[in-house]
Amino acid sequence: MSRDSEKTEQMLRESKAFSGFSVGDIPKAKRFYGETLGLEVSEDHGLLNLNLAGGKKVVVYPKPNHVPATFTILNFPVNDVEKTVDTLAKKGVRFERYEGEIKTDAKGIHRGQGPTIAWFKDPAGNILSVIEQG
């Protein structure tokens with residue numbers, strides 16, 4: 001391995017990487033993530049920053065031709081999925097219902113195989129989850 005390659009590898013290994021995803025409407029996303037979900041959010045140069053626990057950050061960027069992700073883009077570990085689902089449902093969050101290999105109950109909670117988890121979408125149609133860890 002060359003010295004330049006080693007330096008690049010070390011730079012990336014020490015980089016505080018972050019993730020990001022797109023939405024079609026930043027003000028609507030800001031209301032959802034900040035008010036509905038109660039996250040700490042900030043805006044900078046037209047981008048929305050989700051400031052998560054543990055100093056983690058996710059960048060939400062505007063994309064005029066946004067197409068929602070078809071997979072879970074952000075998972076929120078919680079101690080009690082059922083309680084979290086009930087609280088968010090009261091705030092207007094709709095939980096996805098699945099039949100087939102992955103099956104959810106009437107509340108939208110998948111139980112049994114693997115961790116207890118419930119999926120929901122942001123206003124842009126991106127899939128998020130609350131997943132039980134405790």
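Q: Which residues does histidine 110 touch, not counting residues up to four places away in sequence?
A: In this predicted model, the contacts of histidine 110 fall on both sides of its position in the numbering, with neighbours up to four places away left out. They are Ile102, Lys103, Thr104, Pro115, Thr116, Ile117 and Trp119.

Q: Is histidine 110 buried or exposed?
A: Histidine 110 sits in strand E6, residues 109-110. Buried means under 20% relative accessible area. The relative accessible area of histidine 110 is 8%, so the residue is buried.

Q: Which backbone oxygen lies 3.1 Å from a polar atom of the side chain of histidine 110?
A: A polar contact needs N or O atoms within 3.5 Å. The distance here is 3.1 Å, and the backbone oxygen belongs to glutamine 113.

Q: How are the buried residues of helix H2 placed around the axis, on the same side or on opposite sides?
A: Helix H2 spans residues 26-36, and its buried residues are Ile26, Ala29, Phe32, Tyr33 and Thr36. They cover an arc of only 155 degrees around the axis, so they lie on the same side of H2.

Q: Which residue has a side-chain oxygen within 3.0 Å of the backbone nitrogen of lysine 28?
A: This approach is found at the start of H2. The side-chain oxygen comes from aspartate 25.

Q: Where in the protein is confidence lowest?
A: The protein averages a pLDDT of 92, and 93% of the residues score at least 70. Confidence is highest in strand E7 (residues 117-121), at 98. The lowest, a mean of 70, is in helix H1 (residues 3-14).

Definitions and conventions. Residues are numbered from 1 along each chain as its sequence is written. This is a predicted model: local features need pLDDT of at least 70, side-chain atom pairs count only at pLDDT 80 or more; totals for chains, interfaces and linings use all residues. Side-chain values use heavy atoms; hydrogens and water are left out. Helices (H or I, at least four residues) and strands (E, at least two) are DSSP runs, numbered from the N terminus. Buried means under 20% relative accessible area, exposed over 50%, partly exposed in between (1.4 Å probe, protein chains only). A polar contact is a pair of N or O atoms within 3.5 Å; within protein, one must be able to donate a hydrogen and the other to accept it, and residues adjacent in sequence count only if both atoms are side-chain atoms. Contact means heavy atoms within 4.5 Å. pLDDT is the predictor's confidence in each residue, from 0 to 100. The arc is that of the directions from the helix axis to the C-beta atoms.
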